[in-house]
Amino acid sequence: MRVFASLVLIPLFASVFAQERSTEGPKTERHDYQSDVARLRKIVIESLYSHRDVWLRELVSNANDAIEKFRVVSLQDGVPVNEPLNITLTLTPATDDKPGRIVISDTGIGMSPEELTKNLGTLAKSGTRDFLAKAEAEKTKGTEADPNLIGQFGLGFYSSFLVASDVYVASVPAPSKENPNPSQHVFASASDASSFDVYPDPRGNTLGRGTEITLVLRDDAKEYLEERKIRDLISKHSAFSTAYPIYLWAKQAEHVPLTPEDEGYVPPKEKKEKTRDESEKAEKSDEEEGVVEDEPEKPEESEGAQDDPQKTKVVTKWVWNHLNNQPPLWMRDPKNVTDEEYNEFYRATFKDSNNPIAWHHFKGDTGTGTSFRAVIFIPPEIPQEFWNNPEPIKDSVRLFVKRVFITNNLGDQALPKWISWLRAIIDAEDLPLNVSRETLQTTKFMAQAKQVLIKRFIQLVTRIAAEDETKYKKMMKAGYGPLLKLGAVEPQYQKKIVPLIKYTTNLREMVTLDEYVEKRKKGQEQIFFLAGAGESPENLAKSIFVEKLTARGYEVLLLADPMDEILFSQLKIWKKFKLQDVAKEGLKFGDEDEDAETEKAEREEQKVRYTPLINYLKGETKDTVIDVVISTRLVTSPCAIVASSMGYSGNMQRLLQAQHHQDGHTAIMQEWAKKQRVLEINPKSPLIEGLLAKVQILDDVEEGEEKDKELEEELKEVVSIMVDGALVRSGFGVSDSNVFFSRVDRVLRRSLGVSESAKADDKVKPAPPTVEPDEKVEKEELPNMDEEENLANYVVSDKAPFDTTKAVDININDHTEGKVGLAADKDNEPVWVDWDKRGAQNLEDLLKHDEL
């Protein structure tokens, strides 16, 4: 093993900093950074890293990245990797003339001097991205290696300046056909420098292959020279992020036997003879004194066991300590993992500052010979990317094979949209390590794993809903309720997810459909619900549609989520019980057969009595409703407008109106469904009784006589206000709000004795006159639509929208926005061109140092 083969480190330490040669030699190449690195580094450090402890995590990730690159290249070339792949850390305390240092080495792919300049000399340069592009182009026969690496090497590397004043990067690439004998070079830079040096390492090729980063620590970063600090940081950030061993060169106390040169040393042989002589003298003494003792028989002991313990001393040795020797958390027995370890693992792995709501740790076998272990986490909140992209999140599941990270892009086997936010780790034992992305997306294991994750998530939420009401409420508060309902819309998950959804009713809270059915009234064959997107359950409970149900003691589900009515409209029936929208016709209590004759006679009497009013209302509301009937659902309210069985409730109508894109057929069908409404009147309401009396007076005229015009106008106005009010209370909108409020205004005027024709003073101060322009504004000529196009005038490029050869200065603000100064004009002032992050993402590549 390479790491242990180099344990004779005295020569290494003697020359470990020999790379800090004078940078004035003839072979030293000095480069200016391709952008305002000093300021950009400040922005990156302050905006990306809230705590400087992350520098070690970033550098270890880069080291893991480099090793993974080497592994993939070896797989592509068909070369077995026999040498050890590892990461090492060495701490060197400060002396009188030298500050403290930390050296991080890896046995990865290494970098040539050109790659050192390219990858480290440009802040936003992603060596990983270039590598992947090259790897994808060079497919091997049969399969394609897919490392799915971290990327953004530049950003991670510059986190080292959080703790270091100077950084030296020695690196040598692996031998290749193009470069069979690579040489080791050094990249050197100070934290506040505007340039960097690249030169041959005066120590020669000490690495063999890989990269060694030496950090010269700042005075305020001495804490990182403590072994305990480094161990804690590795345990916190990197114990699970790399599949390769991490070693720390550290002191270790050991007990060793004394040597002849040590005081108190007793040769083993003489010690045994002395013990034998003493034993013989003791026996002879006992015989002379005539002492006889009966002793119990003792088992025979070995000669070594009869000897006294050998004396030892404590010595201190320098050894390589394996820091991540614990298996990844998912490989451990769940019984031996604490809640804090799960929380810490989630925060470190998924870069979340908060603990997950819940998790589930399990193992299994797909039945096809592929065993696996997995951990799923419910995040503390739904990721923002879930709402920003209509497509499912495809990188929330991380696939490992034998603890080696393979991919987090499962392609077609990604979790469906409604659950794509779930965080998961899957580690399979038997998949080939060099499997390609296409193979992963089509393998039977991936399809099975997808179903396993969904099943286990549903099981987890089932346990939470049944056993932990506090945690369930936390999930609902975080917004997971609508996502569960979105999943329940899919038929294959309906029976499992619907029982997990809890609702508020007019009688109690946190009620599932099964619990509702258990508490139903005798004879009840419907599950009553009222939907009102955006309304609170308290307001829905006051709706005119539930007043009789509440008065009689029936339970009504109050659906305040937009997804509720969509789900219920698809379910239609649950456990043989019809889901009945109480805002629609068809409401039945289930006890209509009791006293049926009495109720039927009463309804017939009401129908006959109110026929004049019903006929009048049908004529006045023909553009608003399709029918007028006597209501059986109202108690105190005078009237309500309900949707027919084929129409839309007010809530559904609002949801559909929010959808702007509709084809012609859909728009026609929706317009038809909107009109399928029925006006129900309450025969026991004083207002309805008063209207009936007025209508009877209006109709009580002799043949040939005219009706009372004043009374007729008054009735029309009252009915219009009543119907518009019923529309609003029933969740619909009035056809013309201005007309509605004009009627209300007239009623208010009459009640206050104010003239209906009186007008408010509408005199207002006019606006000032239009400004006369000093000069006549020249209008642009209309474009010539007949002009032929010359495609040479159109440049399609990722380059910046200016001539980079004329760039003389860059001005960047803290939001990575700013200006580029072009060649000076006649007043020797730069001509500034604005740019933002999106438009100048390749600016650092374009503005070369020799052009500035």
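Q: How many aromatic pairs does the count come to?
A: The count comes to 26 aromatic pairs. Keep in mind that this is a predicted model.

Q: Take Tyr158 and Phe161. How far apart are the ring centres, and at what angle are the planes?
A: The ring centres of Tyr158 and Phe161 are 5.6 Å apart and the planes are at 25°. Planes under 30 degrees apart count as stacked, so this pair is stacked.

Q: Are those two buried or exposed?
A: Tyr158 and Phe161 are both buried.

Q: Which residues do ring pairs link into a cluster?
A: The cluster consists of Phe157, Tyr158, Phe161, Phe187 and Phe196, linked by ring pairs.

Q: What about Trp330 and Phe345, how are those rings arranged?
A: Trp330 and Phe345 are an edge-to-face pair, with 65° between the planes and 5.9 Å from centre to centre.

Q: Where do the two residues lie?
A: Phe345 is in helix H11 (339-350), while Trp330 is in the loop between strand E9 (312-322) and that helix. The pair therefore ties together parts that are 15 residues apart in sequence.

Q: And is Trp330 buried or exposed?
A: Trp330 is buried, at a relative accessible area of 1%. Phe345 is buried too, with a relative accessible area of 1%.

Q: Next topic, charges over rings. Which ring does the charged end of Arg552 sit over?
A: The charged end of Arg552 sits over the ring of Phe589, and the distance to the ring centre is 4.9 Å. Elsewhere, Arg677 lies over the face of Phe732, 4.9 Å from the ring centre.

Q: Now helices. At what angle do H23 and H26 cross?
A: The axes of H23 (residues 611-620) and H26 (residues 686-699) cross at roughly 85° and come within 9 Å. The two helices are therefore roughly perpendicular to each other.

Q: Which residues make the contact?
A: On H23 the contact is made by Pro612, Leu613 and Tyr616. H26 contributes Ile688, Leu691, Leu692, Val695, Leu698 and Asp699.

Q: What share of the residues counts as buried?
A: Of the chain's 852 residues, 44% count as buried.

Q: And what share of the contacts comes from residues 24 or more positions apart?
A: Among contacts with a separation of 6 or more, such residues account for 73%.

Notes
Residues numbered from 1 in each chain as written. Predicted model: local features only at pLDDT ≥ 70, side-chain atom pairs only at ≥ 80, totals over all residues. Heavy atoms only, no water. Axes fitted to C-alpha atoms, helices over the stretch in contact; angles between N-to-C directions. Helix = DSSP H or I, 4+ residues; strand = E, 2+ residues; numbered from the N terminus. Parallel < 35°, antiparallel > 145°, perpendicular 65-115°, else oblique. Contact = heavy atoms within 4.5 Å. Phe/Tyr/Trp six-rings, centres within 6.5 Å; stacked < 30°, edge-to-face > 60°. Buried < 20%, exposed > 50% of the residue type's maximum accessible area, 1.4 Å probe, protein only. Lys NZ or Arg CZ within 6 Å of the ring centre and 35° of its normal.
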